[in-house]
Amino acid sequence: MTISKKIHKFIEQGGWIRKMFESGIILKQQYGSDNVFDLSLGNPVIEPPAEFHEALLKLASNPIPGMHRYMPNAGYQNTRDVIAKSISKESQIDLNGNHIIMTCGAAAALNVVLKTIIDPEDEVIILSPFFVEYEYYIDNHAGKPIIVPTKSDFTLDIDLIEAAITSKTKAIIINSPNNPTGIVYNEETYQALSDLFSTKQQQYNHDIYIISDEPYRKIVFGDIICPHWFNHYENSIIVHSHAKDLALPGERIGYIAISPTASEISNLLDGLTFSNRILGFVNAPALMQNLLPHLQSSVIDPGIYEAKMNFLYSELTQMGYQIAKPQGAFYLFPQSPIKDDSAFTEELLQEKVLVVPGRGFGTEGHFRISYCVDDAVIEGSLHGFKKLSEKYHMV
Ligand SMILES: Cc1ncc(COP(=O)(O)O)c(C=O)c1O
């Protein structure tokens, strides 16, 4: 075999989203793209805010000499300073540019963090259902993922998390607003986890990091607020991306922010900067880094996603689907009416509706719907959902 056994195995195991994507292409060729309702991908349908294009045009018309050259691996100091200032304002915690490392999106940021802190066999706790790439990212750096399920309403089970912590635990990855559930963890949860990890750090006499993966932080609904880890836990590391809040997933821009109270902070920053380089990212895209200082108060309108969520949530619950109502992000994670979630998603595929089985996120018996699509796709999918709700006598 030309490719490694491990990669071959991962492709076989983790191919749910890819499988749906490929099925979608075939169905679209067969029936025309207007007749296939693809709710499988988290690719935002919204265009970036107007300020993005304005800043881009301005920069292109007045190029800064040297703006396409190599730069320090942590990114432009000015961009880091501006981002630190924004976070300080929001969290009321004093940060400076040296607490920020610019990255190629959240995916790169997570790999940079894990590369920097993990020794072989170190354990990293992840909470199911989880963003499917976490297992692979942890494996990339010879760590061991420890999967802890959430409660049936997808809130965190602190007792189960406590039971999973060992002398080898190096970190936990938290993702709120959550992909795939849309759940946002509240201040009490942050405090309970912080208390737990502070105690465990003392017990095992080493640092344990809370890595908070926050690409959906600004996509929250109603009066929901995402708390700040920096107000709760000393060894917290935030991973952010502008893939969702500025609708720029193709531009690969994000950052790591480190709590100013993290231990051995200058070592940590040196490690992160070095890892950014040796993982081959070198630095985050220069063009995007030059634009971000002009976009600190810009964000796509989360109300657009909230309206799509409310519509689909209401339609599906009326059909009898059981769903924990999302508070942010752009996913629904309903229960499958039959135990075998992959069989159910196959049935939806027959109705030309594409969703991803829950087992792709470590939680069987559910399926994920991405509603970051045109309204016509959401409306077109209702027929298939209805047909199966009738088949399984859901109301
Ligand atoms: C929870 C979560 N983390 C990380 C990422 C990766 O984001 P990026 O495109 O910025 O690498 C995604 C993308 O969908 C995500 O949903």
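Helices (H or I, at least four residues) and strands (E, at least two) are DSSP runs here, numbered from the N terminus. A pocket, on a 1 Å grid over the protein atoms alone, is an open set of points with protein on both sides within 12 Å along at least five of seven lines; a cavity is a set of points where a 1.4 Å probe fits but cannot get out. Lining residues have an atom within 4 Å of a point.

This is a predicted model: local features need pLDDT of at least 70, side-chain atom pairs count only at pLDDT 80 or more, and totals for chains, interfaces and linings use all residues. Residues are numbered from 1 along each chain as its sequence is written, and side-chain values use heavy atoms, with hydrogens and water left out.

**Stop 1: the largest pocket**

Select α1 (5-13), α2 (16-31), α5 and α6 (133-140). Each supplies at least two residues of the lining of the largest pocket. The pocket has a volume of about 810 Å³, where a volume is the space filled by probe spheres set on the points, and grid points are joined across faces, edges and corners. Now pick Ile17, Phe131, Glu133, Tyr137 and Lys244: of the 36 lining residues, these are the closest to the centre of the pocket. Colour the lining by class and you get 20 nonpolar, 10 polar and six charged residues. Ala, Val, Leu, Ile, Met, Phe, Trp, Tyr, Cys and Pro count as nonpolar, Asp, Glu, Lys and Arg as charged, and the others, Gly among them, as polar.

**Stop 2: the ligand**

Stay where you are. The space taken by the ligand is this largest pocket; a molecule sits in a pocket if more than half of its atoms lie within 2 Å of its grid points.

- Ser241: a side-chain N or O atom is 2.6 Å from a ligand oxygen.
- Arg252: a side-chain N or O atom is 2.7 Å from a ligand oxygen.
- Ala107: a backbone N or O atom lies 2.8 Å from a ligand oxygen.

Taken alone, the ligand exposes 390 Å², and the protein buries 91% of that. Those areas come from the Shrake-Rupley method with a 1.4 Å probe; for residues, only the protein chains shown count as cover.

**Stop 3: the cavity**

The count is one cavity of 30 Å³ or more. The largest cavity holds about 60 Å³ of space. Select β3 (123-128) and β5 (169-175), which each supply at least two lining residues. The largest share, three residues, comes from β5. Among the lining residues are Phe130, Tyr134, Asn178 and Tyr185. The lining has nine nonpolar, two polar and no charged residues.

**Stop 4: backbone exceptions**

Most residues other than glycine have a negative phi, and most peptide bonds are trans. Go to the loop between β5 and α8 (187-204), where Pro177 is found. The bond from Ser176 to Pro177 is cis, with omega near -10°. Pro180 lies in the loop between β5 and α8 too. The bond from Asn179 to Pro180 is cis, with omega near 25°.

Finish at Phe154, in the loop between β4 (144-149) and α7 (158-164). Phe154 is not a glycine, yet has a positive phi of about 70°.

Methods:
A polar contact is a pair of N or O atoms within 3.5 Å; within protein, one must be able to donate a hydrogen and the other to accept it, and residues adjacent in sequence count only if both atoms are side-chain atoms.
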